[in-house]
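Dear colleague,

Please find the structure below, with its sequence. My findings follow it.

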Amino acid sequence: MRTRAAVALEAGKPLEIMEVNLEGPKAGEVLIEVKATGLCHTDEFTRSGADPEGLFPSILGHEGAGVVLEVGEGVTTLKPGDHVIPLYTPECRECPSCLSGKTNLCTAIRNTQGQGLMPDGTTRFSMLDGTPIYHYMGCSTFANHTVMPEIALAKVRDDAPFDKICYIGCGVTTGIGAVINTAGVEIGSTAAVFGLGGIGLNVIQGLRMAGADMIIGVDLNDDKAEMAKKFGMTHFVNPSKVENTVQEIVNLTKRGADQIGGVDYSFDATGNVKVMRDALECSHRGWGVSVIIGVAPAGAEISTRPFQLVTGRVWKGTAFGGAKGRTDVPKFVEWYMDGKIEIDSMITHKLKLEEINHGFDLMHEGKSIRAVVEF
Ligand code: NAD
Ligand code: AHE
Ligand code: ZN
């Protein structure tokens, strides 16, 4: 079949809207009509050329929601008409990682996924002249139709709005999951969140759900503070307006006889390795846990004095908020439909596929939280 897609032809270039060929689902695969997709900073990271795994030409996009149109041979858990959210972190429930119960990082198809290919080592997308187009994060939701492995689709209730639940495909689950699954934040905790964008706001939302007392938001853009306050931020620090961000946070959290200060939990949602260091170093001596969510450019490395870890701080990272997609994503959709989590106000812009590059402009200008393309 043919479908319409925004294609990343070359690193650093705007996406181009075009008709592409899409082959039908092979064994274990499913054809999806994508109804809506969010624009995550990770898409921009890859589009820009900063992703060491970036491949071109490719169809980016990994934050989608849609409907099953056709299933390939052997698919048993999905049928045409089912509503689904694509998972860049699949859940096969059979690989050593899934069976370990210790991680959400299913390894069943990670190798081919990283090479922009389906599990059989081929692509389903191609240009009209036959040139293969790579898949992206196993999802490629910047296309009106896509083919995905069965194990990388979460079946969700069919009365949930696509233009909102697509955000559960990455940002919402990553932010809330980082708090609940990765950090394990307790009631009464203090926390700092670096980067108040589409991920950071969901970290704040997760912290409020977990019962954190003090939630310090950190962003270079003052305009991000208003929305963050609505989601539960109690204090705001703009690093460009203070002498020392770490000291500022330590001072805000000084308590008890020793007056040491430092947050119980910190989160990087910027992808900047200097910020990651600040996030670690503003956490409390002896027990502070700092979680890296942000994705850093090729070649970037984190550093700190080992003494920071010797004195009890813990550096962790999280992918997709530690969520097991097929199990947890339907629950996130339930929470949204029950009003337990807020999504609508974070979707600041709705775009047509033809306007997708404007969505990236809005992201760069700091004007959007989530722009969503509706097909
Ligand atoms: P975004 O562009 O919506 O938000 C980033 C925010 O960080 C912006 O508000 C920006 O002003 C702020 N910022 C940038 N540099 C800063 C600095 N030096 N100090 C303080 N604030 C700064 O991006 P997003 O969609 O929220 O994504 C955030 C990061 O998380 C990206 O690196 C993205 O790739 C990554 N991400 C990771 C996962 C994961 O599973 N680990 C999932 C989704 C996104
Ligand atoms: N390809 C990059 C790493 C990108 C990355 O870390 N991706 C996150 C999801 S970001 C979603 O917005 C992830 O899930 N990573 C685990 C994995 O297996 O990809 C690089 O640096 O090579
Ligand atoms: Zn994402």
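How many bridges join S13 to strand S14? There are 4, and the two strands run parallel; strands pair if DSSP finds at least two bridges between them. Helices (H or I, at least four residues) and strands (E, at least two) are DSSP runs, numbered from the N terminus.

Please note that this is a predicted model, in which local features need pLDDT of at least 70 and side-chain atom pairs count only at pLDDT 80 or more, while totals for chains, interfaces and linings use all residues. Residues are numbered from 1 along each chain as its sequence is written, and chains are lettered from A and ligands numbered from 1 in the order in which they are written.

Strand S13 covers residues 265–268 and S14 residues 289–292. Tyr 265 has Val 289 in S14 as its bridge partner. Strand S10 (residues 190–194) is also joined to S13 by 4 bridges, again in parallel, and Ala 192 is partnered with Ser 266. Tyr 265 and Phe 267 on one side of S13, and Ser 266 and Asp 268 on the other, are all buried (20 or more other C-beta atoms within 10 Å of a residue's own, C-beta atoms being placed from the backbone).

The domain assignment, from an automatic or database source, gives domain 1 (2–169 + 343–374) and domain 2 (175–318). Their centres, taken over C-alpha atoms, are separated by 29 Å. The shell around ligand 1 draws at least three residues from each domain, and helix H1 (residues 41–47) supplies its largest share, 3 residues.

Yours sincerely

How values were computed:
Buried ≥ 20, exposed ≤ 12 C-beta atoms within 10 Å, placed from the backbone.
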